[in-house]
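Thanks for making the time this morning. I would like to walk you through one structure, going from the whole chain to a few individual residues, and I will give the cut-offs as we go.

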Amino acid sequence: LLCAWILGAVFIGMIPDSLTRVSPSSARIHLLAPLIALLSGIGLHFFFKKNKQISIFIIIILCINVMWFWKQYLFALPADRAYAWQVGTKEMIVEAERMSKQYSHVWISRSGWGWIHYVFHVRYDPLKLQQEIKVSERNDLGFWWVSDIGKFHFDWLPKKYNPDTLYVGLPQELSPYMPPTSEIKRVVKDLQGNDLYWFVDGKS
């Protein structure tokens, strides 16, 4: 019964990681860490009683595996999956806040991971936030989106740009609709030096 419970929990624990749109999602697979530790401990206890040499060999293999995992988690994935890991988001928000003084409006695409990064990284006053926050209409599923905070607007980028507005988003979002006179004012790059976010002046 215990084995069936543990195996069932392992299969259920893999569901969040398998359903995510942004994969691989190592953060979600961490739900299984306690179960994996439990199963590993039971196995090592069994082998240690039977054969200490086998146990030591397995421990060495496990240590190598753990080091490989953390190397992938801390170094490889942030470089290979920069957008999924939200690399550069803080830099983008801080720069957008700094540049906002030059514009009447700042439009940040939903690809910039939304308003929560903005209020967190600029340390927005909670009392002021309650007065200024605006939300979108609920969609078919009943969800809504924080669309506006002060002069900042958070939504998918429009096809027509307005003057005196700073647009921030992924290069592939911005480039198809940029007027000829628009100017890329700033670029945030990922860990490999590729353009991650563009800041575009909406003048036309």
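What follows is a short tour of this model, starting with its overall dimensions and ending at single side chains.

Before any numbers, please keep in mind that this is a predicted model, in which local features need pLDDT of at least 70 and side-chain atom pairs count only at pLDDT 80 or more, while totals for chains, interfaces and linings use all residues. Residues are numbered from 1 along each chain as its sequence is written, and side-chain values use heavy atoms, with hydrogens and water left out.

Let me begin with the overall form. The protein has 9 helices and 7 strands, where helices (H or I, at least four residues) and strands (E, at least two) are DSSP runs numbered from the N terminus. Its radius of gyration is 23 Å, whereas a compact globule of 204 residues would come out near 17 Å; the radius is taken over C-alpha atoms, and the globule rule is 2.2 Å times the number of residues to the power 0.38. Along the principal axes, the C-alpha atoms fill a box of roughly 75 × 40 × 30 Å.

Of the 204 residues, 33% are buried, and here buried means under 20% relative accessible area, exposed means over 50%, and partly exposed is in between, with a 1.4 Å probe and protein chains only. The accessible surface is about 13,600 Å², with 64% of that belonging to carbon and sulfur atoms; these areas come from the Shrake-Rupley method with a 1.4 Å probe, and for residues only the protein chains shown count as cover. Among contacts with a separation of 6 or more, 56% are between residues 24 or more positions apart, a contact being heavy atoms within 4.5 Å.

Now to the strands, and to β5 in particular. How many of the residues of β5 are buried? The count is 5 of the 5, so this strand is largely enclosed by the rest of the structure. In a regular strand the side chains alternate between the two faces of the sheet. In β5, T165, Y167 and G169 are buried on one side and L166 and V168 on the other, so to speak a cover on both faces.

Which strands pair with β5? Strand β7 (residues 195-201) runs antiparallel to β5 and is joined to it by 4 bridges, with Y167 opposite V200 in β7. Two strands are said to pair if DSSP finds at least two bridges between them. β1 also pairs with β4, again in the parallel sense, over 3 bridges, and there I108 stands opposite F154 in β4.Staying in strand β1, we come to W107. This residue is buried, with a relative accessible area of 18%, and, leaving aside residues up to four places away in sequence, W107 touches H153, D155, W156, L157, P158, T165, L166, Y167 and V168. W107 and G202 are 95 residues apart in sequence, yet their C-alpha atoms are 9.9 Å apart in space.

In helix α6 (residues 89-99), the buried residues are T89, M92, I93, E95, A96 and M99, and they pack against β1, α7, β4, β5, β6 (183-189) and β7. An α-helix has 3.6 residues a turn, so residues three or four places apart point the same way. T89 has a relative accessibility of 1% and therefore counts as buried; apart from residues up to four places away in sequence, T89 touches G112, W113, H117 and Y197.

W113 lies in the loop between β1 (105-108) and α7 (115-121), and its phi is near 75 degrees, a positive value in a residue other than glycine. W113 is partly exposed, with a relative accessible area of 24%. D164 lies in the loop between β4 (152-154) and β5 (165-169), with phi near 60 degrees, also a positive value in a residue other than glycine. At a relative accessible area of 36%, D164 is partly exposed.

Finally, a residue in helix α5 (residues 52-80), namely L74. Is L74 buried or partly exposed? Its relative accessible area is 48%, which makes L74 partly exposed.
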